[in-house]
Structures are given as structure tokens and as C-alpha cells.
Amino acid sequence: MLDNLLRLSSVIGRFAQKGQVRILSKLSVENSAKSCRGKMSLPKPNIVFVLGAPGSGKGTQCEKIVKNFGYVHLSAGDLLREERSREGSEYGELIENYIRNGKIVPVDVTCALLENAMTQNMKVSGKDSFLIDGFPRNQDNLDGWQRRMSEKVNLKFVIVFNCPEDACVERCINRGKSGSNRSDDNIESLKKRFDTFINDSLPIINHYKEQNLVREVDATKNPDEVFEDVKVLFAD
Ligand SMILES: Nc1ncnc2c1ncn2[C@@H]1O[C@H](COP(=O)(O)OP(=O)(O)OP(=O)(O)O)[C@@H](O)[C@H]1O
Ligand SMILES: O=c1ccn([C@@H]2O[C@H](COP(=O)(O)O)[C@@H](O)[C@H]2O)c(=O)[nH]1
């Protein structure tokens, strides 16, 4: 399975969406290896992890951070959904099963997508500050990231958006009703996503708390009010 995962190829569409720059690039392990060599001249990217329960407002706030502070937003969930929908993807079915059941996709897939997206963005836009939204979410994610990426990036801090489950569920259900087209914006998937958040993701947040890297934000207010608190974290 690992070998297969390492042969992961992805197409990252180049388009400006929600302030993100996506770069169209066909990748394979062989290309990844070449691009690793090419990466020698690239700067070490600055990373902010953005965590919080499903529907806590991570994507909404990332959009605002992009507009105001020039970061590039990389949503791990969006990258996985793109890979799932890519014609010919070996991993489409696997990813869809994980997403629908609120489970966390094996780290080699997600990490490859994130690393490739960062490298391509740095090459094309020259930007080297990234919001990594919705990752790492479990011990497998954390271990894989530490193994593969931790030495290659500067982790600045970890934002955690706090919002109670009932409000988050309502937001996701409304997002589904407004046409998100997400196969996990339904009650059944949301129950599983919250179980995963509590059992698997909270320990990762605690790990970063122990390192004094967590910056908690009250995400129950309206998006502009939440952003007032977020701004402070980036104003240095
Ligand atoms: N502060 C807020 N108050 C009310 N609604 C919000 C707030 N922030 C975001 N929303 C709405 O809630 C829904 C979920 O927001 P968003 O996609 O930003 O959350 P998320 O944490 O990225 O979710 P997920 O983890 O499921 O991808 C969206 O429809 C968004 O418009
Ligand atoms: O690192 C990640 C990020 C996401 N997933 C899967 O995708 C869905 C949706 O993620 P959102 O952040 O809500 O868009 C999530 O429930 C996981 O199934 C993942 O496996 N790994």
C-alpha cells in the first residue's frame, strides 16, 4: 500500500479560489524526487496549522487571513477532494470512503499533496507562507509530518478555533443545504467526523499545547468578530 501511495500522482489545478493560488502540475513520485532536488534553492516555508472542529470556521477565517496577510491557503480536505475527483486517480475511491466516514486518510497521501502544493506555489508565486487548514488531525498525520516535513518548514504556531458541536453541526448542515456538494455535510457523516475530532484530533491539539504553540480563538461569534481576534495573531 505504501508503495502505491508513494506513486501518488496529483493534478493541482491552477485557479484563484477563496484567495488561494493553485498550481496546475502533474506529479508522480519520480517527479517529486526531482522537485526535491529543485527545492534546494527554495526558502524554508513558514507554516501555520489551522485546526478546529468540522464547521468551526477554519476555511472562512483562512480566506480573510489570505486577503489581509498574504498567506497561501492550503486546505488538506480540499486537496483530498480534488485528488478524489481527478480523472484516473488511483486513490479516488479510497479518499471518498475515508471522507464519507469521517476517517483520516493515510498520511502519505495527504502529506504528498501538501508538499507538492507548497513547492509548486513557491516556485510559481514566490510566496512562502502557508496556512495548512485541517491538518494534522491524528497521530498518523503527526508522525508522518514529523518524519517527512518538520525539518523542511518553520512552524510558527497553531490556531485552534473553538466552537461547540451543536453550532458546528448546524453550520455544516446549512452549508450542505446551500449546495456545498460535500458528501460529508449530513448528520450521519457529521457524527463520525465529531467522534474522530474528539478521539483523534484533540490529542494532536494537546500535543501542540504542550509545546506552547497553540493560539485559541473563540469561533462562536460572527465571522468578522472572529477575525478581529485572528488578526492579532498575525500582526507582528
Ligand atoms: N463565525 C461564523 N458564524 C456563523 N457561520 C459561520 C462562521 N464561520 C463560518 N461559518 C459558516 O459555517 C460553515 C462552515 O464554515 P467553514 O467552511 O469555514 O468551516 P470549516 O471549519 O472550514 O469546516 P470543515 O472543517 O467542515 O471544512 C460555512 O457555511 C460558513 O459560511
Ligand atoms: O488532513 C486531512 C484532512 C481531511 N481529511 C478528510 O477530509 C474530510 C473533510 O476535511 P475538511 O477539513 O472538513 O474539509 C475529513 O473529515 C477527513 O475525512 C483527511 O483525511 N485528512
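Q: Which residues is Gly57 in contact with, leaving aside its neighbours within four places in sequence?
A: The model is a predicted one. In it, Gly57 is in contact with Phe161, Cys163, Ala219, Pro223 and Val226, once neighbours within four places in sequence are left aside. Gly57 itself is found in the loop between strand 3 (46-52) and helix 3.

Q: Is Gly57 buried or exposed?
A: To decide this, count the other C-beta atoms within 10 Å; a residue is buried at 20 or more. Gly57 has 25 of them, so Gly57 is buried.

Q: How does Lys58 count, as buried or exposed?
A: Lys58 counts as buried because 23 C-beta neighbours lie inside 10 Å. Lys58 is found in helix 3. Not counting residues up to four places away in sequence, Lys58 touches Val50, Gly52, Asp133, Gly134 and Phe161.

Q: Which residues come nearest among the 18 around ligand 1?
A: Gly57, Lys58, Gly59, Thr60 and Arg171 come nearest of the 18 residues around ligand 1. Helix 3 (58-69), helix 8 (165-177) and helix 10 (223-234) are the elements that give two or more residues to this shell. Helix 8 gives the most, with four residues.

Q: How do the residues of the shell around ligand 1 divide by class?
A: Five are nonpolar, ten polar and three charged in the shell around ligand 1.

Q: What does UniProt list for "binding site" in the entry that includes Gly57?
A: An annotation of this kind may be inferred rather than shown by experiment. UniProt, in an unreviewed entry, lists Gly55, Ser56, Gly57, Lys58, Gly59, Thr60, Arg175 and Lys221 for "binding site".

Q: How many residues surround ligand 2, and which are the closest?
A: Ligand 2 is surrounded by 18 residues, and the closest are Ala76, Gly77, Val105, Gly134 and Phe135. Helix 4 (76-85) and helix 5 (92-100) each supply at least two residues of this shell. Helix 4 gives the most, with three residues. By class, the shell around ligand 2 has eight nonpolar, six polar and four charged residues.

Q: What does UniProt list for "binding site" in the entry that includes Phe135 and Pro136?
A: The unreviewed UniProt entry lists Arg81, Lys103, Ile104, Val105, Gly134, Phe135, Pro136, Arg137, Arg182 and Arg193 for "binding site".

Q: Where does Phe135 lie?
A: Phe135 lies in the loop between strand 5 and helix 7 (139-148), and Pro136 has its place in that loop between strand 5 and helix 7. Phe135 is buried because 28 other C-beta atoms are within 10 Å. Pro136 counts as buried because 29 C-beta neighbours lie inside 10 Å. Leaving out residues up to four places away in sequence, Phe135 touches Phe49, Ala76, Thr110, Leu114 and Asn141, while Pro136 touches Asn141, Leu142, Trp145 and Ile204.

Q: In what sense do strand 4 and strand 5 pair?
A: Strand 4 and strand 5 (residues 129-133) pair in the parallel sense, over four bridges. Ser75 stands opposite Asp133 in strand 5. Both faces of strand 4 (residues 72-75) are covered: Val72 and Leu74 are buried on one side, and His73 and Ser75 on the other.

Q: How many residues has the largest nonpolar core?
A: Nonpolar side chains tend to be buried together in soluble globular proteins. Here the largest nonpolar core has 50 residues; Leu74, Leu114 and Leu131 are among those with the most contacts inside it. Helix 6 (residues 107-125) gives the most to this core, with nine residues. Leaving aside neighbours within four places in sequence, the contacts of Leu131 include Val48, Val50, His73 and Leu74.

Key. Residues are numbered from 1 along each chain as its sequence is written. Chains are lettered from A and ligands numbered from 1 in the order in which they are written. This is a predicted model: local features need pLDDT of at least 70, side-chain atom pairs count only at pLDDT 80 or more; totals for chains, interfaces and linings use all residues. A residue is near a molecule or strand if its C-beta atom, placed from the backbone, lies within 6 Å of it. Ala, Val, Leu, Ile, Met, Phe, Trp, Tyr, Cys and Pro count as nonpolar, Asp, Glu, Lys and Arg as charged, and the others, Gly among them, as polar. A residue is buried if 20 or more other C-beta atoms lie within 10 Å of its own, exposed if 12 or fewer, and partly exposed in between; C-beta atoms are placed from the backbone. Two strands pair if DSSP finds at least two bridges between them. A nonpolar core is a set of buried Ala, Val, Leu, Ile, Met, Phe, Trp, Tyr and Cys residues joined through C-beta atoms within 7 Å. Two residues are in contact if their C-beta atoms, placed from the backbone, lie within 7 Å.
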